[in-house]
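Student: I am new to this structure. Please take one part of it, look at it closely, and then show me how the rest is laid out around it.

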Amino acid sequence: MTVRSIFNAQDLRTEFESADISHHFIPLIWKFVIKNPNCDWDEIPNLPSAAYSILHSKFRTFTSTVHSVIESNDGVTTKLLIKLQNGAFVEAVIMRYDTRLGKYGGEPRPGGVRSTLCVSSQVGCKMGCKFCATGSMGFKNNLSSGEIVEQLVHASQLSNIRNVVFMGMGEPLNNYNALVEAIRVMLGSPFQLSPKRVTVSTVGVIHAINKLQKDLPGLNLAVSLHAPVQDIRCHIMPAARAFPLEKLMAALHVYQQNSQQKIFIEYIMLDGVNDEEQHAHQLSELLETFQVVVNLIPFNPIGSLSQFQTSSDEKVLKFQKILREVYNIRTTVRRQMGQDISGACGQLVVSLPDKKSAGNVGALTDIEDLHLY
């Protein structure tokens, strides 16, 4: 029988409303569960008697469990394999950034380690991006809002999570209602995340982009663009056929006008496909009227699934130089975190733990640092 997570906010509110129980008890319940993950409902103090009855009969503290925790060799990245109540698995990845190292290494500065959590919104993905391991799984099912929030709760037992990015398994905007409900929980008590520290990534689901700014003002939008022209996008991202580039850019114009915020542009570097100098010029011209941060992502190999090669460092740096110096577009290169545990961008695909060797990744740029530019 399917049970409901205590972090399914709407379900809990509905049950409490029907029993005439105040909503102000809900964050108190969540706070207790977070601090006491193995608690029994009767251990939560000072609830109305009707609340205990509802909790016992209709909810569980967690509907998911942490199946395994895998650490990268350098200790920077932790991948959680999480088992859902339907037997399916999703992955969430904790990425740690040491602000004391300075933005580019160099002289130490005051600060400490802060953590960003990459969460999944679906089991598998229907977008079918050819460079992404998750796409090879196909689409299995959407996560409930509670299952999304539980990833944050599980990760919080291991690290103090400062930022949440919806860049894990799935297309977040294809699970729109659960996404919005989960983020609203994360922004409220007891989690109290700031909207500017929550980022939703999308391949460009146009109708949902139009809704997102109204439903969740102030959070960050990241767009997986990955090519400056529609033909290349359709080649490497089959779902792009449903989201023509011209219409996507028009939707982003409206989004930016309404939000007055930078948009993050994700661009994976595929050797000989989208990484030539002409592509850099085309991308810059496409983005010239926007306030953006372009994040160049060196392709992470996905074994026998891959038909692509990683762009050389020289090509990546040349591409970045054109965007920065010719067009004055803020451009960063994403450091490759968690490759040794298949926790890097594009590598999330459910599998049993398989640790491999890897070297240190050094000082890293967190997504919240990009707001400074």
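Tutor: Helices (H or I, at least four residues) and strands (E, at least two) are DSSP runs, numbered from the N terminus. The model is predicted, so local features need pLDDT of at least 70 and side-chain atom pairs count only at pLDDT 80 or more, while totals for chains, interfaces and linings use all residues. Residues are numbered from 1 along each chain as its sequence is written, and side-chain values use heavy atoms, with hydrogens and water left out.

H1 covers residues 9-18, and its buried residues are Ala9, Leu12, Glu15 and Phe16. Buried means under 20% relative accessible area, exposed over 50%, and partly exposed in between (1.4 Å probe, protein chains only). Down the axis of H1, these buried residues fall within an arc of 135 degrees, so they line one face of the helix. The arc is that of the directions from the helix axis to the C-beta atoms. On the other side of H1, Glu17 and Ser18 are exposed.

The cover over the buried residues of H1 includes strands S1 (4-5) and S2 (59-60), together with helices H2 (25-35), H3 (49-58), H4 (145-156) and H5. One of these, H3, has Ala51, Tyr52, Ile54 and Leu55 as its buried residues. They fall within an arc of 165 degrees seen down the axis of H3, so they too line one face of their helix. The buried residues of H3 pack against H1, H2 and S2.

In the loop between S1 and H1 sits asparagine 8. Asparagine 8 is buried, with a relative accessible area of 9%. Leaving out residues up to four places away in sequence, asparagine 8 touches Ser144, Ser145, Gly146, Glu147 and Glu181; contact means heavy atoms within 4.5 Å.

Now to the interior. A nonpolar core is a set of buried Ala, Val, Leu, Ile, Met, Phe, Trp, Tyr and Cys residues joined through side-chain atoms within 4.5 Å. The largest one has 110 residues, and Phe7, Phe131, Phe166 and Leu287 have the most contacts inside it. Helix H5 (residues 176-187) gives the largest share of this core, 8 residues. Another core, of 5 residues, lies apart from it, with Met95, Tyr97, Cys118 and Val165 among them. Leucine 287 touches Leu225, Met249, Ile265, Val292, Val294 and Ile329, not counting residues up to four places away in sequence.

Ile265 belongs to a strand, S12. All of S12 (residues 263-269) is covered, with 7 of its 7 residues buried. Ile263, Ile265, Tyr267 and Met269 point one way from S12, and Phe264, Glu266 and Ile268 point the other way. Two strands pair if DSSP finds at least two bridges between them. S12 runs parallel to strand S11 (residues 220-224), joined by 3 bridges, and alanine 222 has phenylalanine 264 as its bridge partner. S12 also runs parallel to strand S13 (residues 292-298), joined by 7 bridges.

Last, the confidence. pLDDT is the predictor's confidence in each residue, from 0 to 100. The protein chain has a mean pLDDT of 88, and 85% of its residues reach 70 or more. Over residues 341-348 the pLDDT stays under 50, and the model has 42 contacts beyond four places in sequence for them. Where pLDDT is low, the predicted coordinates should not be read in detail.
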